[in-house]
Every structure is written in structure tokens, then in C-alpha cells.
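Open the model in your viewer and keep the selection panel at hand. We will go stop by stop.

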Amino acid sequence: MGSKEASSTTIFCLLLLFCLTCRCLASELVATQAATLKVNASPQSARKIPDTLFGIFFEEINHAGAGGIWAELVSNRGFEAGGPHTPSNIDPWSIIGDDSSVFVATDRTSCFSRNIVALRMEVLCDDCPTGGVGIYNPGFWGMNIEDGKAYNLVMYVKSPETTDLTVSLTSSDGLQNLASASITVSGTSNWTKVEQQFIAKGTNRTSRLQITTSKKGVVWFDQVSLMPEDTYKGHGFRTELISMLLDLKPRFLRFPGGCFVEGDWLRNAFRWRESIGPWEERPGHFGDVWHYWTDDGLGYYEFLQLAEDLGAAPIWVFNNGVSHNDEVDTAAIAPFVKDVLDSLEFARGSADSTWGSVRAAMGHPEPFPVKYVAIGNEDCGKKFYRGNYLKFYNAIRQAYPDIQMISNCDGSSRPLDHPADLYDFHVYTDSKTLFNMKSTFDRTSRSGPKAFVSEYAVWRSDAGRGSLLASLAEAAFLTGLEKNSDIVQMASYAPLFVNNNDQTWNPDAIVFNSWQHYGTPSYWMQTLFRESSGAMIHPITISSSYSGSLAASAITWQDSENSFLRVKVINFGSDAVSLAISTSGLEASVNALGSTATVLTSGNVMDENSFSNPTKVAPVKSELSNAAEQMQVTLAPHSFSVFDLALAQSKLVAEM
């Protein structure tokens, strides 16, 4: 190759390198997008968000209740989970010893007429092994027993001859004894109620309850319960899980489902009257949709109590004679209607009414303020739904004119063909679709019933077990609900809880096991909307070529001392954004002192939280030193940013 050719080649390479460098520099320049967000904060343009906008929906799914927020440590405490036919499976109960030393089987000898199955234990050995033989229960994947804490045992026993039992809390292999008591059962043909408190001397996260004896003979057991002394307000709920709910400041509690209310078959649907009264007498039932037994210790009364404890309005979802696979003809629905009217009398009736007196006997003489009911769940397309619905609607309207009734049929795109105060709207989809659904209710008619978005979440491919990406799409969707809160009255994420040992449905807001818990990014996202209910919302406009990846809202809210203008912005894209925020119409000046920025983001859009790193994706709060009516902020890629601008005077407080 000659020198001229070499020179040309060199020049060409330099030009190519220059072009590539320019392209790289250009790429770096567009990595930060520019956008403006204008907030019209004038009182004339503001509108009050309903006090009820954001709440929670509890469903008995993923062992959310049994083995979850309900603190009962014994699984299958009444030996009913195997069904009414005996002998039956006693799982998860197991024997201590072998079949040559102890024989156990269920029979129908219980003293409780509504749950007749009991356990008969026959000790066969004359010279039993050291420590005796008997039975043990591991609870729900192990009982969390903690040093110094108290645990209350209640059980029913009988034996034809006087027998000494040893009841213990031990490690899963029985080798570590955390607490123990000797109990003498007098020989009698009658059942005896035994109560014993244990104080744990040690901690074990996967403990078990065991009952042993060394005396040959027969003993019957039924309704064996072990509850921690320390439950939320003494009402039977796990304190640390209820604390997670309190942090959301929910304005309503929808319960007890979901598909749990319907059942795959009506014979397995939730029945409120079988879930009230003394816990020992509740028959329990098999939740055939989510495939596990519940003893219904967490029943209708307890849900009402939970709503009261949370300061949330109860929303009672009842079965309307429709399951996944069978239905009651409208011509025969009258008994179901009466059943629901009785449930409302239980909640709202005076202490001397038929069903109100049952509630009073359970410890709550004052009525519960049930003002919302959902007539079924996801049943709109079923053959008899509309006919059944009208029967319930008319009967409830006559008996309780103030109760707001919720239809299963979606009225967001076309008018309903039946009367309703609210209609149910459910959405589970991918993140991109839900992000774009932030404008869903923009086109909905402003007349007619209000929307109750009672189940929303990102799920499947890009949801993981609760990803940052999912939470960003959900946050964008919620800004759309805020903007349309003139017709959207309520909204709740679903599902709320998942026991790490029963991941039937993912993702969920709160993950737990017997002793640990954490919030997913979707949980933390909801905490950033907890001040929205009852706040004032203001119009905003976003200007940017990148605006298709942004979602935002602006509200004014107040705590016990101060008022704030809150600007929430979701950057759903992969570029950083230099955002100019301008505010007009405020009647109070912005004070940098007390203003904060809170950001939910992470290094990877699919990042999740875990027991080992429970706050990997969680809001980070800092002072906002440049807070002003006109200010410049930077939005990280894939982030949810909340700017709380402290308002320097209290005039706004009086107006709100």
C-alpha cells in the first residue's frame, strides 16, 4: 500500500472516530430529558378528594388470615379439616412415638354440635419411652415462640381414668423445651376445659405444641388453641402485621374476599353466621378456591372489629347465591336475602335485637357502622346475577336506606342497566398497560354511580414478587384515580398479604412468615398516597416530548400542625428528567423549612424486597432546600418522587 493510500485511510479513520464520538456525546445529552410541570393551586380550581378514596382489601388468600394476621398458632385446632367423615386426616397433627406405642384417630364424640369431630388418642405402651408418647402440632409452618412472652393454651379433654399430661412448647424436633406444664385430667365421661398460660424460656421460630403422657389408656382432645397473649388491642391480630396496615392509613376495609366469598362451589362459600359466636363452636370450612382449611376464628365479627381498630369504614362483601360453578335461581334466592339482612342486623342492630344481641354477647354492645355492601364478587356475567342482585338491592334499600350498594358490573364505559350506588372495577395487567390506564376514567360519564376500584395490581411477567416497575405503573394509575376522584370514590390494591409458605398469588403488598415481614415496592408506593384521601386536588399540565413516560398529580393536605402542597411525579422511563415545577394561585407562600423530597427508586427496575433486604426498594426522604413556587428538580430514571412543599401560613388550613 502506498503512502497516499495510507494517508487517505488515516483521514477516513479519524473522521469515523469523530462521528462515533459525536454520536456518543449526543446520546449522553439526550439521556437527561427536559420537562415542565405547572400546578394551578388556586382554591377556585381545587376539588376535594373523597375521604374514602384509598383503603385496603383483605382476602383470605395465601394464608393471609389463617396463619397470617389472625394470631392463632395451632393449625386445624378442632381436627375438622379432614372433613366430617371419620376416621379422617388430622394433618398437620402428628404422633410422638410409633404405632406400637400410640394410636390416634378421629371420631364423632365432640361436645360441640356444630363441629362434632374430636381426636381419640390411645396409649398402648406399658413402659413408654422417656418423655412419653402423644401428639404435636407444628402450626402454620412452625410456631414463632419468643423468649419471655406469654402464650395462652385452651383445650378440651376427657378420659375415663385420671391421666397426667405434659403440654410443652418445643423446637420442631422436640429437643429444645421452651415451656412446659403438667396437667391432670380427672377420670370422667364429661369433657373438661383446660386453660394454661406458658411463659417462654427461649426463642424458636419453628416451634411446635406437643401433648404427651406415659400412662396407658385413652384420652380425647378437641379445640386445642394456642394464642399469644400480646395481640393488637387484645383482639387476636398479629401486632406487627396490623402495624403495617395502620401505616397505610386506610379509609375503608373491604372483606373477606374476593373469590373466597364465592367459593368454587356454594357449599364451600364463606358463611357469616357459622363464623360468629364462641370460637370453639365455629365449624370452620374448606376454602376451595385457594385450597386450604380455615377454622373461621377470623370471622365476620373479627373483620368488623378489625375495621374499627383501623379506623376504616367496613365494606361487607357477601355471597349473592353465586359461586364459580353453581348458582341459586332468583326464584329461590329469598333465604339468601334474609341471611344477609340478618348479617346487617348483627352488625347494626341494637343490643336487644335478635342478632344484635349475639354481637353484644361477643363483647360489642355498640353497633358497627356498616354503610357499604358489595353484592357478590366478579359475578356480573353469571346467569342469575342481575335477578339476584335486584332482590338483595331492594330488600336492603327498604331495611337500611343509608347503605351504599356496590354492583359487580363495570359502569366505566357504559351505563349500568340496574340501580347501584357504586360499581366494582378490577384490573390485573402488565405494567405498561396499567401505566397507560391512568386516563381510563377521563372519558367516564360524570352521572350515575361512582366507581370502586376494589382490586388493582400489576401482575405476571413484569411483576415478579413485587417489583419497582410494578409499583411505578400502579402509582401512575392512582394519580389518574385522584384526578378522576369526582367519580372514583374508592380504590384498593390486591392481594394485601402473602404467607411466604403459600405463594398461591403473586405479587402482594405485604410478605410475611411466622416471625418476619416486609412491604413490597407496591406497599411503599401506597404509603405515598395515604394523605390523598380527603385532600384537595389541583389541575396540572405537563409539557415535554418525554411526557408519555411521566405521570403526576398535585394535592394540598395537612397534618396536625402544617399544610403542604404535594406534587407527585412518576418517571416511568429509563432517562433522567430535569423537571421545572411552577405553581400559581397559592394563597400561602412556600417555606423551604419543613419541605421534603421523597423518592422511591432502585438500581434495577425489577428490584424487589426480601426478608434479607426488606427495604431495598423503599422511599428515601430528604430535605428539599430549594423548595419554592418555581423550582428545578431532577427525576431519576424509573422513579416515583414526592415533593412536599411546606406552606408558611395557615389560611389554607381553614379552607380545607
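The tour covers a sheet, a helix across it and some salt bridges.

This is a predicted model.

Next, pick out the open three-stranded sheet, ordered β24-β25-β26 with mixed pairing. Its edge strands are β24 (497-499) and β26 (517-519). On average, neighbouring strands are turned by 20 degrees against each other, direction ignored. Zoom in on β24 and β25 (residues 510-512): they pair in the parallel sense over three bridges. Val498 stands opposite Val511 there.

Turn to charged pairs. The structure holds 27 salt bridges. Select Asp295 and Arg77: their closest N and O atoms are 3.4 Å apart. Asp295 sits in the loop between β17 and α4, Arg77 in the loop between β3 and β4, so this pair ties together parts 218 residues apart in sequence. Are these two residues buried or exposed? Both Asp295 and Arg77 are buried.

Move to Arg348 and Asp402, a salt bridge at 3.0 Å between the closest N and O atoms. Arg348 is partly exposed at 23% relative accessibility. Asp402 is partly exposed too, at 36%.

Last stop: Arg530 and Glu531, whose side chains meet at 3.5 Å, N to O.

Key:
Residues numbered from 1 in each chain as written. Predicted model: local features only at pLDDT ≥ 70, side-chain atom pairs only at ≥ 80, totals over all residues. Heavy atoms only, no water. Pairing = 2+ DSSP bridges. Helix = DSSP H or I, 4+ residues; strand = E, 2+ residues; numbered from the N terminus. Axes fitted to C-alpha atoms, helices over the stretch in contact; angles between N-to-C directions. Salt bridge = Lys/Arg side-chain N within 4 Å of Asp/Glu carboxyl O. Buried < 20%, exposed > 50% of the residue type's maximum accessible area, 1.4 Å probe, protein only.
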